[in-house]
Amino acid sequence: MESLTTRLILGSLLLASSRPLVVTSPKTLAIPEKLQKAVGKVTVNATTCTVTCGLGYKEETVCEVGPDGVRRKCRSQRLECLTNWICGMLHFTVFTGREFELSCLSSDILEIGQEAFWFSWRLARGIISTDDELFKPLRARSHFVKFTSAQEYDSGTYRCDVQLLKNFRLVKRLYFGLRVLPPNLVNLNFHQSLTEDQRLISEGLEVNLDSYARPHHPPWKKVAVALGIGVASGVIGCVLVGVVLYSGLRVIHSSASL
């Protein structure tokens, strides 16, 4: 039994030693020849959009780059860009009866040509708001809304939407807050209500900000304050003298009675 087991073990060892030794080695990745010669177009430089709101333009430089990393056949191109199509609100206050106009035109639109755009207007009458649910369509298809004689009824928020005609893409939305006031309600002369220092600042001149921050009191106010303090002091002094005299008379009268 032992000899049989020994023979089996020796036979297994001989069989294992007779097999060739297989050694695995990592294979290198072969890149196809066509791919090694491939050339791609890469944007190597780009400017920011010419406007922060509405349709603008940016300049891009595109080059062909090969496997060696060298730039070839570079060219610049001008592309449309849209950073933000919501352009905020402009506020206006006018008197009744005045001629006035709201316009959506801007430099970017004029550069392309206003005929390339579609203009539509909506109105939230009697309120200054950007809540789109409050707006109703306004019969105006031009880039402007004109008031030959503005009335209080015209007050409200006007919304102008600008779309590209070629694809009806919305590229600009601008709100106009309009207040129409009667002339006798408020004086809108801003410069007339300024102090001397404020007028100098508005004209671009330098003034002492410390003195500007303090309210200016005319000399007659100082005199009035001093006079008021003097009168009050006199009245208080008279009252005190009266009280002392009255007390003294009472003491004298009591002594005489005794």
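**Close-up views of disulfides and a nonpolar core**

**View A. A disulfide joins C104 to C160, with an S to S distance of 1.7 Å.** In this predicted model, the pair links distant parts of the chain, since C104 lies in the loop between β5 and α3 (107–112) while C160 belongs to strand β9, 56 residues apart. Both of these cysteines, C104 and C160, are buried.

**View B. C63 and C74 form a disulfide whose sulfur atoms are 1.9 Å apart.** With 115° about the S-S bond, the link of C63 and C74 is right-handed. This pair also connects distant parts of the chain, with C63 in strand β2 and C74 in strand β3 (residues 71–82), 11 residues apart. C63 is buried, at a relative accessible area of 1%, whereas C74, at 45% relative accessibility, counts as partly exposed.

**View C. The disulfide of C53 and C87 has its sulfur atoms 1.5 Å apart.** The link of C53 and C87 is left-handed, with -125° about the S-S bond. It bridges distant parts of the chain, from C53 in the loop between β1 (40–46) and β2 (55–65) to C87 in strand β4 (residues 86–95), 34 residues apart. The count of disulfides comes to four, and, with bonded cysteines counted along the chain, they follow the pattern 1-5, 2-6, 3-4, 7-8.

**View D. The largest nonpolar core holds 24 residues.** Among its members, F117, W121, F147, Y158, V162 and F176 touch the most others. The largest share of this core, five residues, comes from β10. Leaving aside neighbours within four places in sequence, Y158 is in contact with residues including L102, W121, F135, F147 and F176.

Terms used
Residues numbered from 1 in each chain as written. Predicted model: local features only at pLDDT ≥ 70, side-chain atom pairs only at ≥ 80, totals over all residues. Heavy atoms only, no water. Core = buried A, V, L, I, M, F, W, Y, C linked by side-chain atoms within 4.5 Å. Buried < 20%, exposed > 50% of the residue type's maximum accessible area, 1.4 Å probe, protein only. Helix = DSSP H or I, 4+ residues; strand = E, 2+ residues; numbered from the N terminus. Contact = heavy atoms within 4.5 Å. Disulfide = S-S within 2.5 Å.
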